[in-house]
Amino acid sequence: MSSELRYTANTQLEHLHARYTGTGHADLTKYEWITHQHRDSLASIMGHPPLLSYLAIADGEAMGRVRFEMTERMLQPCGPPPRKDDD
Amino acid sequence: MHLYNLTLQPPTAVTQAVVGNFSGARTQEIIISHGTRLELLRPDVQTGKLSTVITTDVFGSIRSLAAFRLTGSTKDYAILGSDSGRIVILDYDPKTTSFVKLHQETFGKSGARRIVPGQYLATDPKGRSVMIAAVEKAKLVYILNRDAASNLTISSPLEAHKNNAIIHNVVGLDVGFENPLFAALEVDYSESDQDPTGEAFNAADKMLTYYELDLGLNHVVRKWSEPTDPRANLLVQVPGGQVASSDRFDGPSGVLVCCEDHIIYRHMDRPQHRVPIPRRKHPLEDPSRGIIIVAAVMHKMKGAFFFLLQSEDGDLFKVTIDHEEDEVKALKIKYFDTVPVASNLCILKSGFLFVAAEFGNHHLYQFQKLGDDDEEPEFSSTSYPALGMANPTAPLLHAHFRPRALENLALADELESLDPIMDSKVMNVLPNSDTPQIFAACGRGSRSTFRMLRHGLDVEESVSSELPGIPNAVWTTKQRESDEFDSYIILSFVNGTLVLSIGETIEEVQDTGFLSSAPTLAVQQIGADALLQVHPHGIRHVLADRRVNEWRVPDRRTIVAATTNKRQVVVALSSAELVYFELDLDGQLNEYQDRKAMGSTVLALSVAEVPEGRQRTPYLAVGCEDQTVRIISLDPESTLETISLQALTAPPSSICITDMLDASINKAQPTMFVNIGLQNGVLLRTVLDPINGQLTDTRTRFLGTRPIKLLRVQIQQSPAILALSSRSWLNYTHQNLMHFTPLIFENLDYAWSFSAELSPEGFIGITGSMLRIFQIPKLGMKLKQDAIPLSCTPRKFISHPTNRFLYLIEGDHRVLSEDAINRQLAQLRQAGKSVDEEMLQLPSEVFGRVKALAGTWASAIRIIDPVEAKTVGIVHLDNNEAAFCLAVVPFAARGGELHLVVGTASDTLLAPRSCTSGFLRTYTFTQDGTGLELLHKTELDDVPLAMIAFQGRLVAGVGKALRVYEMGTKKLLRKVENKTFSSPIVTLNTQGSRILVGDMQDSIFYAVYKAPENRLLIFADDMQPRWTVAATMIDYCTVAASDRFGNIFVNRLDQKVSDQVDDDPTGAGILHEKGQLMGAPHKTKMLCHFHIGDLVTSIHKVSLVAGGREVLLYTGIHGTIGVLVPFVSKEDVDFISTLEQHMRTEQISLVGRDHLAWRGYYAPVKAVVDGDLCETYARLPASKQSSIAGELDRTVGEVLKKLEQLRITASGF
């Protein structure tokens, strides 16, 4: 971290995290990280038409259905979060 | 290695389609997106045919497309959402026939990302604003307006973001002229991310949220948010707002929320209406399976509107809303028709429905009726308690309908589409063909086809009749200049001439004034109403009243060549003299006083047509036996003076001067081309400078083995050239650019244009003693397709080394196999349930097959005869098995007898990948390869995805294991195995004892089989992880492969490593070498890398032209066919790469994507030049062209010639 950022960065970091969903931080848990990964991948597949076709053909479903199920899966792609130990 | 990427067939899949008046005229047009290309289609209302107006590559990925119109305007604009992080507004300019980028506003990073808008677009129906949204969180609203000069303006974006919200759909509401409203379907995940019990996840509501753009405050507010059905997936705009003149409402406004199994009408503070989506009553249908709407379209007519919604089975439903003013009384749904499942539906005001199919051919239907008064049951929300909302969480009672053949729609046109190409081969199987054909297994489900693609124009023959002798030439002619159609056909034989008249029938006529006792050299309609015949002994000028003026050749000489146009005649005598005639103002043919001695026998002559409003054309081209072509002046000032000369490599056989439009040379007016056909089958095309008569810019092309004949014909009211050699070619202008394409037709000996009432732009030709009349229906289509229907999605196919048959495996997931259907039906019958036979008889290619649970498969092995284009045998797989790979193996243990081995698995589930058992089915070929006999089945522990013959044995990738199998009596015997792969093996290639293994996630591994120790060892791998799809070996050390993200790359192993591995007899060296980077001891080097933009499904190393260089041909899932051509010299690389650099700065992408970033989407472009970008050089304005050419130290002609040469020598296209 460059010197001028050292003092301002922390105050801005929170703002940046709010702005750029999916950005990691030092205290990121494994669950958060993998959930972000999955959401990013699902969004990317929907955003690339050839990839969506590829998956639709493999699964034998209509493209609209595959897109819908993927958007649905973005809600919780990796199951519920793990229980916190301290409580 | 340096490669040049060239697309031969652009993608044919349609991902988006919108309708609008883009040219501002009264006719509606459709803009379709092919993923990386935009195309403007114009339907012909009379004929119901679609024609392409323009198509452009955008060098980016189009994700969403919408049309809008400013209030009071008559012209629609298109808005593009793409992966460029920018919103782009396009205007179609009919004057220049091009898309013009009006606005381009940057809002985020490039790439298809989760929170960068571009996935969804919604416009206000009054054209006042647009919302562009991402899959999560981000929504931006732009205000559209016009300035004082009535130019379109766009505001800075207003944010309507909502954190932690996944967006399912966005739509603009119709609220008339109140503040614009947008509706979004959102789910918030913040609570379910925090709740370990999973309750929050189950309770997560799907919210229908209204965003209001306050035009006064310039601000977006969340106006209303209410939970709706948790399985809602799509929103459809409902008309609303008041008509300005009266207080009448256009509609109730609000949205249709399409959910699984239901449609809900919803609007702020209004009662909801809910109807079920009707379903087919198939006896084997699983009643618990949900049905969703995948495509929807709303159509407004005068005072009424309706919706067409399409379910995932392809059934269209007509939805209507009964309303009183803005109050909804009932929501009604009924079955309409069944069409292919669409990615987008478009309704045109002229009564057409365009169905952009998600896979396979696209269709244009004409509405026959709107299904208003038919027998079809209609389901209304009023017939359910509380308008269907009595218990919103519980499903309504199922509604059923019977699918039937089209009743409300009639097919008007079909756009051929290769999408998706699952596998391909390039082979030459046709007799008498010197170029290979591309065989592609296309399509999905029951609409799949196996297609043979040939380079050339499709020809439609209308008449073919036998003649008494073998003519050597044929002409047609009108009687008067003003005639619309031809009246005579003139056939020249060795010793005479036959004249036929064209009328109700075609019959011989005598009294035409033509000499019938001698052969004919030329026929011309001359002057206003006279005819001209040139025969070896003279010229007959037949006047309108049948009087004949004859010019006779001096004694002991004959005419050997002649050329004519409407006012001029030039003949060459056997004494090597030229005689020139010109028509005077009285209609008399006058001989010029001098004759020109050429000094060498004249072989060919040509003059151009007389330009409009002129007396004569000033140039004559003369081809002589001394291998020269001279341009001779016909100008009165310098008549018969030689102006310029061109030396040839062989004697000319035919010359044709034509004025043709080629926008790459001159955009404003036609260019005068001198086409010279040589006796060795080479065609030269040079440009004749109209000012000084000099010949410049010579291009050559090999057409065939016979001497060339060149004939001037008419195509689309503009001149074209038919070139006949051992193949027939057509040189024509299409969409302002010159094309040179072979005809897929029998060899022609002579041909001429033929214009009659039934075929206004036909051709007449002779082959031997056959007279043929034909048309070319689809100009611009460079690939002719012949299709064989398949029953399921094709997976892979393979050719046999000795016979001509192809063996194809096909299979579909979630489909019951025939024997499972019969078993289930028998059970139903046994249980005494009635079975609806009619539903079972529905043709599956129209209605698809009944959907079954995941893990159910229907699969078959099909034997195809590619020459006869038919299926000769089919083997259905039982036991819920699906075939995934196949190989023809000469098993050494059986004396090299060929066997077909098919890798199958039963009860396969895709995610997570599992099966109850895999199998290797070994078949012997029977009846010369038209039959298969099962020898034995070998059980496996996983799904086999790749196999190949290897040294008289079989190598198979079974799940993550690579195994070598030997033939046994009861089953195949496993000999050796390597289980160090991290993910399933998807491709295999082999040369010698080396095996190249494509791993699903980990790129290409180099393995070797060491026979003495029976070891299968990996010795090299790639440094990058790659999701391999297809791979092919270029040479012993080099591999070209593609990955799932649309990249193509070439990897090479160091020659030293290769030798070292080959020299190690036992493989002990490799075994004990230390691994590098947690992988194999050696790494391959990446030589080339390029992002195609389409998922490449197969790569082949082939030569596409006879005697041409080998190129890499690839096919893409969206129907792309392209080639990668290796450059031969360093100069070429430097030249073309510099041109590409210049083009990158000139040709700005229509979606605003940086070209270098697009081609280097996942990894930087390496050693590949984008030929598609370079070829757009031809479309640049002339000033830009010359400035780039100047930078390159070449002329514009030289640059164009180089580009054309690269294309022709590599592909022949």
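Colleague: Which residues does S53(A) touch, not counting residues up to four places away in sequence?

Modeller: This is a predicted model, where local features need pLDDT of at least 70, side-chain atom pairs count only at pLDDT 80 or more, and totals for chains, interfaces and linings use all residues; side-chain values use heavy atoms, with hydrogens and water left out. Residues are numbered from 1 along each chain as its sequence is written, while chains are lettered from A and ligands numbered from 1 in the order in which they are written. Contact means heavy atoms within 4.5 Å. With residues up to four places away in sequence not counted, S53(A) touches M63(A), F359(B) and H1118(B).

Colleague: Is S53(A) buried or exposed?

Modeller: S53(A) is found in helix α3 (residues 49–59) of chain A; helices (H or I, at least four residues) and strands (E, at least two) are DSSP runs, numbered from the N terminus. Buried means under 20% relative accessible area, exposed over 50%, and partly exposed in between, with a 1.4 Å probe and protein chains only. The relative accessible area of S53(A) is 1%, so S53(A) is buried.

Colleague: With which side chain does the side chain of S53(A) make a polar contact?

Modeller: A polar contact is a pair of N or O atoms within 3.5 Å; within protein, one must be able to donate a hydrogen and the other to accept it, and residues adjacent in sequence count only if both atoms are side-chain atoms. For the side chain of S53(A), the distance is 3.3 Å, and the partner is the side chain of H1118(B).

Colleague: How many helices are there in chain A?

Modeller: Chain A has zero strands. From the N terminus on, its elements run α-α-α-α. The number of helices in chain A is four.

Colleague: What percentage of the residues in chain A is buried?

Modeller: Chain A exposes about 5,100 Å², and carbon and sulfur atoms supply 54% of that area, which comes from the Shrake-Rupley method with a 1.4 Å probe; for residues, only the protein chains shown count as cover. Chain A has 87 residues, and the buried part of them is 40%.

Colleague: Is S633(B) buried or exposed?

Modeller: S633(B) lies in strand β54 (residues 628–633) of chain B. Its contacts, leaving out residues up to four places away in sequence, include P618(B), L640(B) and I643(B). A polar atom of its side chain lies 3.1 Å from the backbone nitrogen of D635(B). The relative accessible area of S633(B) is 3%, so S633(B) is buried.

Colleague: Is L1124(B) buried or exposed?

Modeller: L1124(B) is in strand β91 (residues 1121–1126) of chain B. Leaving aside neighbours within four places in sequence, L1124(B) is in contact with residues including L3(B), I1048(B) and V1168(B). Because its relative accessible area is 2%, L1124(B) is buried.

Colleague: How many residues apart are E376(B) and R404(B)?

Modeller: A salt bridge is a side-chain nitrogen of Lys or Arg within 4 Å of a carboxyl oxygen of Asp or Glu. The side chains of E376(B) and R404(B) meet in one, at 3.1 Å from N to O. E376(B) is in the loop between β30 (362–367) and β31 (378–380) of chain B, and R404(B) is in the loop between β32 (400–401) and β33 (409–415), so the pair links distant parts of the chain, 28 residues apart.

Colleague: Are R1159(B) and D1170(B) buried or exposed?

Modeller: R1159(B) forms a salt bridge with D1170(B), with the closest N and O atoms 2.9 Å apart. R1159(B) is in helix α9 (residues 1155–1159) of chain B and D1170(B) is in strand β92 (residues 1168–1170), eleven residues apart. Both R1159(B) and D1170(B) are buried.
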